[in-house]
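Could you take a look at this fold with me?

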Amino acid sequence: MIIHEITEECFKKYGKVIDSIDLTELVSTMQTVEIPADVVYEPSISALEKLKCATELQQKTYGELPIQIGWCIGNNHKLNAVEYHRCSEVNIAATDAILILGRQQDISVENTYDTSLMEAFRIPSGTAVELYATTLHYAPCNASAGGFLVAVVLPKGTNEALEHPHTGGEDALLAAKNKWLIGHPEGGLPDGSYIGLTGENLEIK
C-alpha cells in the first residue's frame, strides 16, 4: 500500500492533528512500556489517566465528557477488521505507527465493506490525531520492525462487554459497548464476530 502522511490533504476526511495539548509526559510514559510480540489492547490504564494531559484531553477534546485512556501496543501488519464508534477516537503515537483508514459512509446496505477503499497513514512518534466518528479503523500496524506504542482515548465505557443481545442490521455489528465491528474472513477474529469485509486483508509490509 501507499503510505500517506497525516499532513496530506487526503487525511482531512478521516481526522485531524491535535496540537493544542502538551502530550510529552504521556508519550515518555508510554515509551517505558515493553512492546509485546502480539497486539495488546487495554481500554483504561491508570498511569496514563493520572497524567496532567488527561484533564486537558477530557476538557478540550471531549467537551468535559468522562474519558478513558488506554493503549494498543505490539506488532501487527494486517488490517483484519474495521471498527467505528459514535464518537471520535484520539490516537497518540509513542512510536511511529501506521493506521489503515476508511469511511463509514462506504459500508453497503448489506453491511459489507470493500477494503480496496482504504488508505494508510503514518503517524509520527509524539503526534496525536483525532479520528472522526465516521472513520473506519482498527489496530495500528508496524512502521518499523520494532512494533508500535499508541495511546487510545475514548469516552469512558467504550469497548466494555455488552449487557444485551444484538442481532439484525447494523445492530449485529455491535461487538462491545460503542464498538461496531466488521471482520475479514482471514482476520482471525473470535467466533461470533460479524464478518463482512470483502477484498484483500490489507497488509503493511
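1. A word before we start: what you see is a predicted model.

2. Let's begin with strand S7, which covers residues 97-103. Is this strand mostly covered or mostly open? It is mostly covered, with six of its seven residues buried. Here, buried means under 20% relative accessible area.

3. Next, look for the partners of S7. Strands of a sheet pair through backbone hydrogen bonds, either parallel or antiparallel. Strand S9 (residues 119-123) runs antiparallel to S7, and five bridges join the two. To see this pairing in the model, find alanine 97, which stands opposite isoleucine 123 in S9.

4. S12 (residues 141-142) is antiparallel to S7, with two bridges between them.

5. Strand S11 (residues 135-136) is joined to S7 by two bridges, again in the antiparallel sense. Glycine 102 has leucine 136 in S11 as its bridge partner.

6. Now move to an open sheet of three strands, in the order S5-S15-S14, with antiparallel pairing. Why is one side of S5 and of S14 left without a neighbour in the sheet? Strands S5 (81-84) and S14 (174-176) stand at the edges and each has a single partner strand, so one side of each has no neighbour there. From one strand to the next, the twist averages 40 degrees.

7. Finally, S14 and strand S15 (residues 179-183) are paired antiparallel over two bridges. Alanine 176 stands opposite lysine 179 in S15.

Conventions
Residues numbered from 1 in each chain as written. Predicted model: local features only at pLDDT ≥ 70, side-chain atom pairs only at ≥ 80, totals over all residues. Heavy atoms only, no water. Buried < 20%, exposed > 50% of the residue type's maximum accessible area, 1.4 Å probe, protein only. Helix = DSSP H or I, 4+ residues; strand = E, 2+ residues; numbered from the N terminus. Pairing = 2+ DSSP bridges. Axes fitted to C-alpha atoms, helices over the stretch in contact; angles between N-to-C directions.
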